[in-house]
Amino acid sequence: MSWTRIIAMTRKEVLQIVRDPRSLLIILVIPLVQLFIFGYAVNLDVKHVPLCIYDRDGTQTSQDFLKHFQATDYFNIVRVSDSYSDIVRNIDHAVCSVAVVVPPQFAENLQSSGHASLQAILDASDSNSASIGIGYAQAIVQSYSSEIQIAWQQERGLGAGVPSVTFEPRTWFNEDLESMANLVPGVVALVMAVVGAFLTSLTIAREWERGTMEQLISTPVGKLEIQIGKLFPYFVIGIADTAICAGTAVWWFGVPFRGSWIVLFGCSMLFLLVVLSLGYYISVTARSQLGACQMALLATFLPTFLLSGFIFPIDQMPIVVQWITAILPARYYVSILRNVFLKGTEVRLLAGDIFVLAAIAVALVALATRSFQKRLG
Amino acid sequence: MNQIEPSVVVQNLTKRFGDFVAVDSVSFEARHGEIFGFLGPNGSGKSTTIRILCGLLRLSSGRATVAGIDVARNPEAVRQHIGYMSQKFSLYNDLRVAENLEFFAGMYSVPKNEIPARIAWALKMAGLEGRDQNPTSSLAVGWKQRLALRCAVLHRPPIIFLDEPTSGVDPVSRRQFWDLIHSMVGEGVTVFVTTHYMDEAEYCNRLVMLDRGRIVAMGTPTELKSQHMKGQLLMIECEPLGPALELLQTAPEVLDAAVFGNGIHAVVADAPAMAPKIRELLSARHLGLGRIQQIAPSLEDVFVSLTAARGVSAEVAA
């Protein structure tokens, strides 16, 4: 093993990367674009649901009740309607997706019988948003009703401490259920899979395609020297991209970071070994740049996107698909990253995931090394 | 290294690709400090042989040693002692001239303190002084070939393999390339070169003529020209060439006939006696006739004569 040869190989790769605008674009732009797409465009949170209100009662009580919808982030009152036909029009034109109607005699019924009904109208063409919207609405009504119940009891001198059992769910680690916080680990994995495997998938295939490989393998350079020299620059790029993604997530999007940076970068290096070796193996096998980069995307982007638990929870998948995810390195990496970002889990509790990731890394490095032969044909 | 021992020894070398025999039981030796030529048409097995000798292809059977090392057993050790230039241009077009040289200096583990001097020398020899910062892609083909050659010999190997180094290069650049090869032989290097240009074969000290994977002749250019012709050579200028060639090929006194430029070269037993007979034969058919004269055979004549004979015998055998 000669360091001179490895350094010469690395230097050549760096020069080729720097002179190829496409690879620069992939290295710098893809991570940020992905992060911003997931940060802004793909917002899985349901907030600021556009709401129409129609107060047919028009009393102090009904106004007081409707103020509760104003006070929360979950709804945006976009329109105060004065008829059902106006509500229909607004829903049809997608001005609002939820409408709340306070019926006449709302205050009176409440006063006399202690019981009143409300009407909610939902646009369920996006059923997911609609069910989340109705959930928020119910929660607001619930809190309003307990408020007035307590007020009623106090008025009658029954004391404030009437025990009423209420269910108060408490979410840990991602208290505001912000999907960004949940997505960032997946985005980091996705960026690394794409950048790592995509770029390296070209390195060997390009040399075969341009005929430079024949010259290269006629020199005394060893195959391990080629592999290390070629992959090293992409390793550094991968680490830099991890830092860019994590930094942007924490300082721009305000995603919590509770774990250790050492664990983050250590595991990222393991995952990089996996994707770089995979890209290298594909490049050796494909021998054409087009075939190699298509194969690399297929082997990394899709599984990472669909099966790593990044967007779709693994425990909700059919059992056979769950088995498949067991050999998917991205799954372990995403799980480690979630723990590191949101929980700050101790390393020893992550040992299982880290071990599997390391084992896959070793296997793929070996596969990549074995696949390359310094021979033609 | 022992100077008396031959640089390249090949014994019964055979290479099969499936059913196809690309190289068929070839044996030869190349000596130190000579230009050893491999002459033959495309598909005759030249490149396959050279690739086996460089350890780029596995041989099917036989034995080959380069610089005393068995190629099949230890291809990595062979690579320390050779420089190889493939048929296709194989430097990095997206690197600068100097960067290509630096890269290959690294691949060949040239000692760090010697790299600048060797690169300067390589630039001087390739005629690329002052153009070291040019992008390689901007060089014309001839310059690229000379640069590729200098890249392949940065580590000063005792044996150089050149696979059709001048294909697609203009005549002036070809000439310059051969000057470069001669200057390296002057430095004591063995050059092993394949070509299908007959004029280039004249520059070689010794030659192997290859046809369909088999050696048809071996020797110095002079030996080949004097020993492998079955008769004497007549150059016949005439018009049109087609019917004249047909006529000569069927004439019993003519051993062999082939078109060369705007005339026909005919092999006959006794040239002075045959010349008037041929003039008669062609005039009878009213073919426009120019000069008929005896000439010294070129390597191309030898090659055509040898391969034609083999083609006939092969047909007879079949």
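This is a predicted model: local features need pLDDT of at least 70, side-chain atom pairs count only at pLDDT 80 or more; totals for chains, interfaces and linings use all residues.
Reader: How do α1(A) and α9(A) lie to each other?
Author: Helix α1, residues 3-19 of chain A, and helix α9, residues 223-252 of chain A, have axes 8 Å apart and pack at an angle of about 40 degrees. An angle under 35 degrees would count as roughly parallel, and one of 65 to 115 as roughly perpendicular. The two helices α1(A) and α9(A) are therefore oblique.

Reader: At roughly what angle do the axes of α9(A) and helix α10 of chain A cross?
Author: Among the residues that meet are A:Leu231, A:Phe235 and A:Ile239 in α9(A), with A:Phe265, A:Met269 and A:Leu272 in α10(A). The crossing is right-handed, and α9(A) and α10(A) are therefore oblique to each other. Their axes come within 9 Å, and the angle at which they cross is roughly 135 degrees.

Reader: Which element gives the largest share of the side of chain A that touches chain B?
Author: The contact takes 21 residues from chain A and 24 residues from chain B. On the side of chain A, α1 and α8 (212-217) each supply at least two residues. The largest share amounts to eight residues, and the helix from which these come is α1(A).

Reader: How far does helix α11 of chain A reach from its first C-alpha to its last?
Author: Helix α11 covers residues 289-307 of chain A, 19 residues in total, for which 27 Å is expected at 1.5 Å a residue. Its buried residues include A:Ala292, A:Met295, A:Ala296, A:Thr300 and A:Leu307, while A:Gly309, just after the helix, takes a positive phi of about 85 degrees.

Reader: How many Å apart are the C-alpha centres of domain 1 and domain 2 of chain A?
Author: The domain assignment builds domain 1 of chain A from two stretches, 3-42 and 178-371, and gives 49-155 to domain 2. Between the C-alpha centres of these two domains the distance is 49 Å.

Reader: Which residues does a cis peptide bond join in chain B, with omega about -10 degrees?
Author: Most peptide bonds are trans. In chain B, the loop between β11 (232-239) and α9 (241-250) holds B:Pro240. The cis bond, with omega of about -10 degrees, joins B:Glu239 and B:Pro240.

Reader: How many C-beta neighbours does B:Ser109 have inside 10 Å?
Author: B:Ser109 sits in the loop between α3 (97-107) and α4 (115-126) of chain B, and although it is not a glycine, its phi is positive, near 55 degrees. It counts as partly exposed, because the number of C-beta neighbours inside 10 Å is 16.

Reader: Does B:Glu164 count as buried or exposed?
Author: The phi of B:Glu164 is near 45 degrees, again positive in a residue other than glycine, and B:Glu164 belongs to the loop between β7 (159-163) and α6 (171-186) of chain B. A residue needs 20 or more other C-beta atoms within 10 Å to be called buried. B:Glu164 has 22 such neighbours and therefore counts as buried.

Terms used
Residues are numbered from 1 along each chain as its sequence is written. Chains are lettered from A and ligands numbered from 1 in the order in which they are written. Helices (H or I, at least four residues) and strands (E, at least two) are DSSP runs, numbered from the N terminus. The expected span of a helix is 1.5 Å times one less than its number of residues. A residue is buried if 20 or more other C-beta atoms lie within 10 Å of its own, exposed if 12 or fewer, and partly exposed in between; C-beta atoms are placed from the backbone. Domain bounds come from an automatic or database domain assignment. Axes are lines fitted to C-alpha atoms, for helices over the stretch in contact, and angles run from 0 to 180 degrees between N-to-C directions. Angles under 35 degrees count as roughly parallel, over 145 as roughly antiparallel, 65 to 115 as roughly perpendicular and the rest as oblique. Two residues are in contact if their C-beta atoms, placed from the backbone, lie within 7 Å. A crossing is left-handed if the near helix is turned anticlockwise from the far one by less than a right angle, and right-handed if clockwise.
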